[in-house]
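Please look over the structure below.

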Amino acid sequence: MSLTVKELVEVAHRLGAYGYFPATSGNLSIREPGDTLRMRVSVSGIDKARLSEADLLFVDENLMPYEKDARKPSAEAIVHVHLYQQSDAMCILHVHTLSNNLIAQRYEARGSVPLFGNELLKALGHWEDDARIEVPMVENYSDLNKLATAVAAAYNPEVPGVIVKQHGIYVVGRSVAETLRHLEAFEFLFALALKRDVHS
Ligand SMILES: CSC[C@@H](O)[C@@H](O)C(=O)COP(=O)(O)O
Ligand SMILES: [Zn+2]
């Protein structure tokens, strides 16, 4: 098993232990190095908390398998393709959590989620004093081509994630470790903001 594939499988188990993959939701991928867009993406419909290397299918940018496998890649693999085309990401993690759903609801009218006032903004690449970012949000289109286009259009290179309302978050990074760090920081900051709002 290559190092990155092993890392991605370990990350899936770790996120599963946090309860970030309820009801078989979520998906994960890594991009193969090189100019041609090829990725390893999770099989559709399985419990990602129990992901194995064999559950990461080889697909190209047209979602055609380039290694024979009868199983279907993630229904949302098209979102991964568009995000890879729009960014320098090498890994994408998608999770449905209570915090990312609740924070999307809280800031529905604003259209983005403000994050500020915490050290963990540094884990998202923001080391400036008084760092403040807006996490973009898009509608949860059932047409997955439309969803993929909206997620890629909303992506801001300064903010490594896009929230889908009533659904979850897509998080990008240039390595598996960086993407995990981004995801954990987002989820911490969402939980903090929700508690802060309740008590303020
Ligand atoms: C099982 S409900 C969640 C799905 O509709 C989808 O949003 C999801 O995240 C998982 O889809 P999948 O095809 O398994 O990658
Ligand atoms: Zn999803």
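What follows goes from the annotation to the ligand and then to the helices.

This is a predicted model, in which local features need pLDDT of at least 70, side-chain atom pairs count only at pLDDT 80 or more, and totals for chains, interfaces and linings use all residues. Residues are numbered from 1 along each chain as its sequence is written, while chains are lettered from A and ligands numbered from 1 in the order in which they are written.

An unreviewed UniProt entry annotates residues 6–194 as "domain: Class II aldolase/adducin N-terminal". UniProt annotations may be inferred rather than shown by experiment. The span is 32% helix and 22% strand, and its end C-alpha atoms lie 34 Å apart. Helices (H or I, at least four residues) and strands (E, at least two) are DSSP runs, numbered from the N terminus.

**Ligand 1.** The residues around ligand 1 include N27, S74, E76 and H94. Membership requires a C-beta atom, placed from the backbone, within 6 Å of the ligand. The shell divides into 2 nonpolar, 9 polar and 1 charged residues. Gly counts as polar here; Ala counts as nonpolar and Glu as charged.

The unreviewed UniProt entry places "binding site" at H94 and H96. A residue is buried if 20 or more other C-beta atoms lie within 10 Å of its own, exposed if 12 or fewer, and partly exposed in between.

**Helix α2.** Of the 10 residues of α2, 8 are buried, so the helix is largely enclosed by the rest of the structure. Among them are I78, V79, H80 and V81. The buried residues pack against β1, β2, β3, β4, α4 and β8.

**Helix α4.** In α4 (residues 144–154), L147, A148, A150 and V151 are buried. They fall within an arc of 165 degrees seen down the axis, so they line one face of the helix. The arc is that of the directions from the helix axis to the C-beta atoms. The face turned away carries exposed N145 and A153. Cover for the buried residues includes α2, β6, β7 and β8.

**Strand β7.** G161 and I163 point one way from β7, V162 and V164 the other; all are buried. Strands β6 and β7 run parallel, joined by 2 bridges. Pairing takes at least two DSSP bridges. V138 stands opposite V164 in β7.

Key: Two residues are in contact if their C-beta atoms, placed from the backbone, lie within 7 Å.
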